[in-house]
Amino acid sequence: MFKLLKTVIKTGEATKKYPFAPLEVCEDFRGKPELDAEQCLSCGACTRACPANALIMETDVKTGTRRWELSMARCIYCGRCEEVCPTKAITLSQNFELAVTRKEDLYEEAVFSLADCCQCGRPFVARKLLEYVLDTLAQSGVTGEQLKLRRQQLETCPECRRSNNMLDSENISHLRYLEEEL
Amino acid sequence: MKGIKQLVGTAHTQTVPVAQAPNSQQLKDALIKQIRRSAYVYRVDCGGCNGCEIEIFAATTPVFDTERFGIKVVASPRHADILLFTGAVTRAMRAPALRAYEAAPDPKIVVSYGACGCDGGIFHDLYCVWGGTDKIVPVDVYIPGCPPTPAATIYGFAVALGLLDQKLHAKTHQPEVQKASLKHTGIPLDIKVMIERQARLLAGYVQGQRIADEVMDVLATCSADNVDSKIAAYLTKKDDPRLTEIVNILLSQTMEALTGLSGCSNSTGEKVKPREVTADE
Amino acid sequence: MSPLEMPASGWIVLAVAQAMLMLMFAPLASGFSRVLRAKIHSRKGPGILQDYRDIAKLLRRQSVAPSNAGFIFWIMPWVLIVTMLLIGMALPTVTQVSPFPISGDIITDIYLLAIFRFFFALAGIDSNSMFGGLGSSRELTLGILVEPILILTIVVVALAVGTTDLGYISHALATTPWHQPLTIILAGVICAFALFIEMGKLPFDSAEAEQELQEGPVTEYSGASLAMVKLGLGLKQLVVAQLFLAIFIPWGKAASLNADGLFAAFVILFIKLLVVFLIAGIAENTMARFRFMKIHRAIFPAFLVAVLALVFLIFGW
Amino acid sequence: MTNNTVELYSTKPQQGRIGKQYVDGVNHFFPSAIIDEEWQTENQVTITVKMTALVEVMKWLYYDQGGWLAVTFGNDERSLNGHFAVYHSLSMEGEVKSWVTVKVLVDADSQEFVSVTPTIPAAVWGEREVRDMYGLHPVGLPDERRLVLPDDWPEDLHPLRKDAMDYRQRPQPTSETETYQFDNQLGNDSNRIVPVGPLHITSDEPGHFRLFVDGEDIVDADYRMFYVHRGMEKLAETRMGYQEVAQLTDRVCGICGFTHSVGYSNTIENALSVDVPFRAKMIRTVLLEVERLHSHLLNIGLSSHFVGFDSGFMQFFRVREKTMELAELLTGARKTYGMNLIGGVRRDFLKDQRLKGIALVREVRKTFSELVDVLLATPNIESRIAGVGILAKDIARDFSPVGPLIRASGFKRDARIVHGQSLESYGDVPFELQSMENGDVQSRVMVRIGEVFDSLNIVEYGLDHLPAGAILTEGFDYVPNKFALGFTEAPRGENVHWSMTGDNQKLFRWRCRAATYANWPTLRYMLRGNTVADAPLIIGSLDPCYSCTDRVTIVDTKKKRSKTIPYKAIEQYSINRKHSPFKL
């Protein structure tokens, strides 16, 4: 028992000051996920990767918006979203002081507008996603006419594209077989 | 059946939270004033993975010591002022949890602890789980985390007792700029992608990304002749053998990709037992 | 004055006053134990006033009782406090003679302690848990083991001095030179040991319902009655400690009823108590609990020594 | 027969076929018993045997060849081969260390299979669970009680059948009250029943036990588990992809979650023979030991708490916090490290982590050794833990328990040593197997103390000798219906996982057997003949991780017959763990 007392006296008081003084957490602590809405493309990679379904994304064609929502309540702070995000728009911060009295305060959302199809005018893809793809193309060296063409293709919704291909007659040579005969 | 609502036929059900007395809020406010400096907490474990339990523990032990605020974990709901619910409320734990809730004297503060308690966490929609504390009892304070650290726990108690105000508030982002900026435009796209990918394989998604960014920042400022010197400068500044190794691999592969000819190919999946880098302290 | 006639009003006032003071300071004592405990845990721990806060809060909380609780359950907290107050009034704590000799007889006090234990055990049975019987039996067993030692040692002293009145014993030991020092010292040591067990400190058991420990019957109580029980337990520690001090460390007490004498005595008493609780606290926090089956092995030797004291007394050493 | 006789007939073990002689042995002694033989890795083989030969084959492998039953589980393979299947995985620890999984096909119509429990008691929980989850009937199983599913679950609904139900379906409860029958094997009705209850303030999780006592002595004990069955195995094969499950397994248990996620990752890596980089292996090894550190410190602390030495408890927790700091430094979280991906790990250790980490380890080693001296020098400790809760060798042999529990009973079982070559980097780190002979609580505590020092050394060594290269392998394909075992030595003993890949980028089946699941069944034998006062200490000495018990299990905190009021169990618990509840 004297050994114990010795240790006790040597140790003194082990208690941390927190909350009266801020608490040091390590550099890469996995705390509250912070969204950088400017960088987010609403591509949905995070919503697919999230093991707990804490991240959801829903597209509203009427208002032409796409809504991204994070539920801090359900989040398990694993950082998979950060790992899969192509633009590093979401990162886990050092903030751990998340307790709330109203559950609503645990939700964080972001609204992104959709781009309309250049033909039928129906919204079909997140504008930022579209722009990002085009910028990437530009950076990878696609320029001028090519880029314009690509933009036009990308701004067409799948339905329209399909119908285009159906009616795309100039690529079809009706007389090909005849010519082969001759 | 009490507390159970049918969804489709007899096959699918969900729970109905216990109703609260109309004046309960005033009573609770009064209670909070009484228990500011002396709060008895009773843990109700509704099916936690016990990560939460262990952290609650850690919060009561020397390093965090909740007792200095007069917060004491008691072993009987009869003594409780605060009920601390952990776990996603499994099917078998629902009834006992409700019994504990009713055993505690009114008014009482209910705290929902951890991702599972707050909203069922990763288990939210399983067949043997009701999905969170507030599915069975009215909750006053939510402490998210998986598990919440002892510090987060203390903060949560402080919020529950009205000693600190909550920092988190519902937030809606409305990005004006409908254009995400590209990073490292100075680097050819395929090289950039290659570097980022390799960096992740070498050092993981956090440090790897950081290293990739730093390296590319350096590269962006380089011309063909002074690359080596600048990189060397960067590495000496950092003075980390592991970092040096990673950066060298990245560079050699960059050279490979640029020139086509294979530099010192220190490919990632090598099966020869590699030498050991020892931390030089 | 003979113990049987009603003492003067001044003494009555003093007796009531000191009992009330003990009641007031009981939470301070238990609070002190908690602080000490925390320090030995290397924790910051609660303030020394924490038990006041706890009790104040509990008094305002709703009191719920188990459905099957009888009247014993309800009167137990009162019995705890009243018995202890009676002893408290009798103890010559700050004066050389007992201010309230009617309950100042040693035999009476030992029986008051027994009543305390009896009701506590009874309440345990009344709570009709499966453990009630088991626990009570253990409690009473411990009583059987400890009380003889207590009685023996105190009787030895009583014989040595020639009276069973606390006041006179204490007065005699304080003023007259000891005729049988060895006997009295021996008795004192053993009495201290027995009273330490009575205080219910580890390793024989723990008095406080500290966060990890739960007193059986206390678990049943809630709100105000829980506060009373806590108070009662704290009070008992204080009283038992002073019982020892009054008999064996009787020095530094006021000879008559004058203010400054009383004050000085009060200060000295306070220091004595501090020391006692310090020792008790260190003891209880630095060892593991005795295995109940083996507890008699720890206690029986003490009994033998007590007998030895009696022998010494007879030989007049 | 002895192991030597194996040599007589066994062909020379082929290259990359460790444990071939076991298969040959079966072929030799039970001709034409084996229908099919399939090698997953060089030391993992699965043999499909005829139902009629099952018991004999198992008996031979288990008792004659030094096999230990690691896990028993079912699988609904009707979509693959028209049958259900029951697997018994054995860890062969004879002179050749390997894994042999014995598989029997169960007819889809009769749905009956032969129970091996009468011969090998260790299989009891596994077979009871197969009964619950697949509705297969184990013929000859002595204990027909429900194990995993809650009492109010419909009789005829078997969650893990592929055609049973949606994983989200929550059927109507069938009863309001708990209906589990506790059984008293040795005593009679005159014994008082003592629910040792759960919700104890310092035990990481509640547990529910029924002690049948005579006076102060425990005649027999029974327990109800799986109050926290949530259906993770179903979840893993429905909502989640492979990588998500790695995060799920982190939450099998809050204390030793990382070992589970390593175990799971290994199953897939073994099944698809993915090459995990050496550095990743070493990082996993280090973290496994970090986890062992905090878990053992917790348990040693608890043991001192259970004997009333709270100062010791608090002091050990003080040290434990350092190990939590270490975990945070290395993984970014104090618990649920979330470090595993299939093919490697998610974070690297740079110079900063290594230096700080090593410093922390040295600090912990110093303080811990001081505290051990304190603990052993504390009055009464010895008398409280020595000779208490003895686990007899024969019981241990029959029930295949794992971890410090069995090492304290004189068996040299430790996956890190026995199967060390195929377990992360354990082949390369310096440490020895801790074991004691007495099998009492004291031995368990001493074994844990020894292992804490080992872990400290391993962590320091690992941080100091991290191999170069990558930490993650990518770009492999998920081939359908490949399966393999994965195993780790968790603080409580060996965790065994088994998974089979599916054809939809999801698991077809994932089975997780946590250490405590293997240890529980021996508890009743350890409790018998001790006093109620020691029950919590004994239960604690098993280091029960209730949530480990079948991935997610908590034992009902306040479960008892309906007439008792909710918090009774707690009160009774506290009363009985104290010597005199009424003492002042």
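Trainee: How many residues of chain A are in contact with chain B?
Mentor: In this model, which is a predicted one, 51 residues of chain A are in contact with 49 residues of chain B.

Trainee: Which elements of chain A give two or more residues to that side?
Mentor: They are helix H3 (80-84), strand S5 (107-116) and helix H4 (127-139) of chain A.

Trainee: And how do the residues on that side of chain A divide into nonpolar, polar and charged?
Mentor: The side of chain A that touches chain B has 24 nonpolar residues, along with 10 polar and 17 charged ones.

Trainee: What does S5(A) pair with in chain B?
Mentor: S5(A) pairs in the parallel sense with strand S8 (residues 171-173) of chain B, over three bridges, and within that pairing Glu108(A) has Lys171(B) as its bridge partner.

Trainee: Switching to chain D, what is the order of strands in the open sheet?
Mentor: The five strands run in the order S1-S2-S5-S4-S3 with mixed pairing, and the edge strands, each pairing on one side only, are S1 (34-41) and S3 (67-77) of chain D. From one strand to the next the twist averages 20°.

Trainee: In what sense do S3(D) and S4(D) pair, parallel or antiparallel?
Mentor: S3(D) and S4 (residues 83-93) of chain D pair in the antiparallel sense over 10 bridges, with Gly74(D) standing opposite Val86(D) of S4(D).

Trainee: Which helix packs on the sheet?
Mentor: Helix H3 (residues 54-64) of chain D does, touching S2 (44-49), S3, S4 and S5 (97-106) of chain D, and its direction makes about 170° with that of S5(D).

Trainee: Last one, is H16(D) mostly covered or exposed?
Mentor: H16(D) is mostly covered, with 20 of its 24 residues buried.

Note on methods
Residues are numbered from 1 along each chain as its sequence is written. Chains are lettered from A and ligands numbered from 1 in the order in which they are written. This is a predicted model: local features need pLDDT of at least 70, side-chain atom pairs count only at pLDDT 80 or more; totals for chains, interfaces and linings use all residues. A residue is buried if 20 or more other C-beta atoms lie within 10 Å of its own, exposed if 12 or fewer, and partly exposed in between; C-beta atoms are placed from the backbone. Helices (H or I, at least four residues) and strands (E, at least two) are DSSP runs, numbered from the N terminus. Two residues are in contact if their C-beta atoms, placed from the backbone, lie within 7 Å. Ala, Val, Leu, Ile, Met, Phe, Trp, Tyr, Cys and Pro count as nonpolar, Asp, Glu, Lys and Arg as charged, and the others, Gly among them, as polar. Two strands pair if DSSP finds at least two bridges between them. Axes are lines fitted to C-alpha atoms, for helices over the stretch in contact, and angles run from 0 to 180 degrees between N-to-C directions.
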